[in-house]
Every structure is written in structure tokens, then in C-alpha cells.
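Welcome, and please have your viewer ready. We will go from the whole chain down to single residues, one selection at a time.

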Amino acid sequence: MHEFTPMIFDGDMVLNNHAMDETHHEMVDLLNQLHATKEADLLPALDALIAHTETHFALEEGWMARINFPAAGCHVSEHNQVIGVMRLVRTKVAAGETDFAYVLATELSAWLRIHAGSMDYALANFIEVTGADVGTTVG
Ligand SMILES: [Fe+2]
Ligand SMILES: [Fe+2]
């Protein structure tokens, strides 16, 4: 088993955007759960993480499109890379290479903290200072 310190959704991750903060907190919980999942149950745990992440990214990308967010290109491409890695890991785990799931949980925990504090922070800040109406739903 890999070394893993459960991730904590702490004040450093709070962006003061309710929908984003709630989604990021849920992702923290899912990553902690994934790492604690036994091998036989990894596929449903990965599927839950992938489905949650697709909704998470669709929410932010819908906002970026709606408000013509200037840095949308690099933000969306980072999302796409992460989803791509998740899907690749799912195929590895389905083929019996279960270690990939635990490495993914560790790596995505580090990634989420950095992404929330940089790209998502910039998006939340742009919405706040421009007073853009993004609503609370996808799209
Ligand atoms: Fe996010
Ligand atoms: Fe994002």
C-alpha cells in the first residue's frame, strides 16, 4: 500500500464561491475514499470519481464559456488532461493493474490543491470582480 495522508479541505482551498467550494470538498472526500477502497471495489469508486469530475469540470467550463473567461483555453486543457488520466487509470485497473488507482488518488490530491489555488482561484476571482452572472447550474 502506498503512503497516503488523507487530504483535508482546509481554508487554503476555500475560494468563496459556494458551488466550487462544495464541489472541491466533495472531490477531496472522493479521493480519500478512493485511496481507502479495497482492490475489488476500485472500479465503482473510480466511476464515481470520474462522473463527479465530469460534472465539476462542466460547471466551470460552462461558466467560462458564458462569461468569455480570458484564460479558458489553458484551464479547459488542464481539465481535459486530468479526465484523460482518470480514464486511462480506469482501463489499467479494469485490466487488473490496481496500483494505478492508489497512485491516482495521491497525485490528484496534490493536483486539486494546486489547481484550486491557481486556475480555479483566477476564475472565482474574475467572476467576483466582474460581477458576472454565472448562475449555479451547468452551462
Ligand atoms: Fe474546480
Ligand atoms: Fe478547474
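What percentage of the 139 residues in the protein chain do buried residues make up? Keep in mind that this is a predicted model. Buried residues account for 25% of the 139 residues.

**Start with the whole chain.** Show the protein chain as a cartoon and you will find four helices and zero strands. Going from the N terminus, the order of elements is α-α-α-α. The radius of gyration is 15 Å, close to the 14 Å that the globule rule gives for 139 residues, so the protein chain is as compact as a globular protein of that length. Along the principal axes, its C-alpha atoms fill a box of roughly 50 × 30 × 20 Å.

**Now turn to contacts.** Among contacts in the protein chain with a separation of 6 or more, 74% join residues 24 or more positions apart.

**Next, select L31, L34, L46, A101 and A105.** These belong to the largest nonpolar core, which has 19 residues, and they touch the most other members. Colour the helices α1 (18–36), α2 (42–66), α3 (72–94) and α4 (99–130): each supplies at least two residues of this core. The largest share, seven residues, comes from α4.

**Zoom in on A101.** Leaving aside residues up to four places away in sequence, which residues does A101 touch? Select L34, L42, L46, V89 and V93 to see them.

**Last stop: M20, M64, L123 and A124.** These are among the six residues of a second, separate core.

Technical notes. Residues numbered from 1 in each chain as written. Chains lettered and ligands numbered in written order. Predicted model: local features only at pLDDT ≥ 70, side-chain atom pairs only at ≥ 80, totals over all residues. Rg over C-alpha atoms; globule rule 2.2 N^0.38 Å. Buried ≥ 20, exposed ≤ 12 C-beta atoms within 10 Å, placed from the backbone. Contact = placed C-beta atoms within 7 Å. Core = buried A, V, L, I, M, F, W, Y, C linked by C-beta atoms within 7 Å.
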